[in-house]
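Subject: Structure handover

Hi,

Here is the structure I promised to pass on. Please open it first, then read my notes below.

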Amino acid sequence: MTDKQKYTGNDMIVTNDVDKIYPNGCHALKKVTTNIQRGEVVVIIGPSGSGKSTYLRTLNQLETISSGEIIVDGVKMYADDTNINKLRENIGMVFQSFNLFPHLSVRENVMLAPLKVAGRSKADVISEAEVLLTRVGLAEKMDIYPNQLSGGQQQRVAIARALAMKPDMMLFDEPTSALDPEMVGEVLDVMKSLAAEGMTMVVVTHEMGFANEVADRVLFMEDGVLLVDDIPENIFGKVTNHVRLQKFLSNIR
Amino acid sequence: MTVGGLMNEKTNKLKWHVLFIITIGLISAGIYSASQTINYKWQWHLVLPYIIDTSPIDIIAQEDANAAVNADGVITLTFDNGEPSRVISGADQVLISDGDLIFEGDLLARKEGIRSGVLIDGLYMTLKISVISLLFSIIIGLIAALMRISDNPFSKNLSVLYIEIIRGTPLLVQIFIVYFFLGTIFDLDRFTAGVVALSVFTGAYVAEILRSGIQSISAGQMEAARSLGMTYTKAMTYVILPQAFKRTLPPMAGQLINLIKDSSLVSVISITDLTKAGREVVSGSFATFEVWFTVAALYLVLTSTLSWGIQRIEKRLANNDR
Ligand SMILES: Nc1ncnc2c1ncn2[C@@H]1O[C@H](COP(=O)(O)OP(=O)(O)OP(=O)(O)O)[C@@H](O)[C@H]1O
Ligand SMILES: [Mg+2]
């Protein structure tokens, strides 16, 4: 594992000895070290409270870290001259609770950041939004408001909204956990097509089928520690010699 | 529910409506007969000229001149100092004759006309001072609310201090302080002093309304906006504040109505608003009861128009989302 952590030009995200202690004293991440390659799909699994969300959120600095180092696309996140907003433009994020902007139509949700952050021309942004929404299967819903959409549709809009900034990597925090079972598939399908296109993805999920099928690598966390970092075959195969992981997986099934 | 049940409910409601109208009638009759016991003579017609002024308009000479009046009642003024002569036509009553020597201040003629009365002028002043104060109070309130929720202890403390001081002292006292203290130092006229006092006062309440509105927006909205690369300011401007404004519309409407009512206090620094106009009319007409009822009705017109307008806006926004 050690040579994996060295920064090579192909690393999209490097995290070295990342520690996170919340102001209330909760030690959520303990020396988490791993690299995510360009185009890699990494799935994070682990019991509730193990620090999965916290880790994911440190990757675009929605949470700051207490110590350690994070390098995104060659840029040190905590260097003095790093503009975190610029960095975030390149990192799309999808939340469990969608977090669409309820006061804006579907189309406007997708267009807001390209217009106000990237400063692209309105004509370009309109046609790009249409392309993106068609891609996630919502071309007919462009002019309605998020509250009129089903959960699955909302999450697909949220993915389109994140993609509108043309990011090089996407973070997903339990994107299907708030959905009715019959809507999980439509969201996973969009994510699979993204993975197939070579998007770098970090996905926190309880969908083991998705992890097994799509992930290049699976991280298993427990109590803020990255316990297992391996390919899915070794995680979900019949024999895994890791007791905690074994226990976690048997609880889920 | 059966059709019969529905009918029953309808007649039942109607009964209460009738009772309501009867009660209002009785209260009015009570007020009337109470005024009879003190021998009050209601003279509503005395109030009318103070609402719509139909008295003839005096046309007065601006400077000394020689007057010529022709058969059609057109006055021509010629001046000794060589200025071009002035023609006054359309007068309904000419009070000078042809060839008269005119001195500055002389009454030349009268013209029929309809003007707004003193009470309507006062209403306009109340509206004007309320609208201007409203704009400033929203700006002040927004700044104070943003400072209040900021992490910076300096901004936060400053805002808390402002809000506490304003909410802990009477508006009347604040108006006196602004007018006599700040007004003297900065040489403010009455109107400006009134606007300053009302905006600073209302701003503190607007700040608290906006703060609670902003904090009621789920944290996920800010996170989603920031994750797209927006700065804090952009996220506030395009994502948080539009939602917060909408959510705070009902309490804001209440505050706005309070502002209109509170503006009556500026009459103490001799701004001729609706209340001050009422006081002046009372001393001119002696129709005390009628004038104050009229003043109350005019305030009611302002405030109910406003709350109706805001309800319309709310309905329209509600159609969009949520
Ligand atoms: N804002 C916070 N302040 C304090 N403690 C927090 C905060 N957020 C998370 N924690 C704590 O940090 C630990 C890790 O939480 P985290 O949300 O990262 O877990 P998770 O693996 O995502 O769990 P879940 O599967 O339930 O989402 C937990 O003990 C949690 O209580
Ligand atoms: Mg989580």
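A:Arg57 and B:Glu223 form a salt bridge, with their closest N and O atoms 2.7 Å apart. The model is predicted. The rule finds 1 salt bridge across the interface of chain B and chain A. It also finds 6 residue pairs in polar contact there.

Which helices of chain B supply at least two residues each to the side that touches chain A? They are helix 7 (219-227) and helix 8 (232-247). Helix 7 of chain B gives the most, with 7 residues. By class, this side of chain B has 7 nonpolar, 7 polar and 5 charged residues.

Now the interface as a whole. In chain B, 19 residues are in contact with 24 residues of chain A. The size of an interface is often given as the accessible area lost when the parts come together. Here the buried area is about 2,000 Å². Carbon and sulfur atoms give 59% of that area. B:Ser227, B:Leu228 and B:Tyr238 supply 30% of what chain B buries against chain A, more than any other three residues.

Next, ligand 1. It is surrounded by 13 residues, and A:Ser48, A:Gly49, A:Lys52, A:Ser53 and A:Thr54 are the closest. Helix 1 (residues 52-58) of chain A gives the largest share of this shell, 3 residues. The shell has 4 nonpolar, 7 polar and 2 charged residues.

A polar atom of A:Thr54 lies 2.4 Å from an oxygen atom of ligand 1. For A:Ser53, the distance to an oxygen atom of the ligand is 2.7 Å. In A:Tyr22, a side-chain N or O atom is 3.3 Å from a nitrogen atom of ligand 1. On its own, ligand 1 has 630 Å² of accessible area, and the protein covers 63% of it.

Best wishes

Terms used
Residues numbered from 1 in each chain as written. Chains lettered and ligands numbered in written order. Predicted model: local features only at pLDDT ≥ 70, side-chain atom pairs only at ≥ 80, totals over all residues. Heavy atoms only, no water. Near = heavy atom within 4 Å. Polar contact = N/O pair within 3.5 Å; in protein donor to acceptor, adjacent residues only side chain to side chain. Areas by Shrake-Rupley, 256 points an atom, 1.4 Å probe, with all protein chains shown as cover. Helix = DSSP H or I, 4+ residues; strand = E, 2+ residues; numbered from the N terminus. Nonpolar A, V, L, I, M, F, W, Y, C, P; charged D, E, K, R; others polar. Contact = heavy atoms within 4.5 Å. Buried area = accessible area lost by both parts, 1.4 Å probe. Salt bridge = Lys/Arg side-chain N within 4 Å of Asp/Glu carboxyl O.
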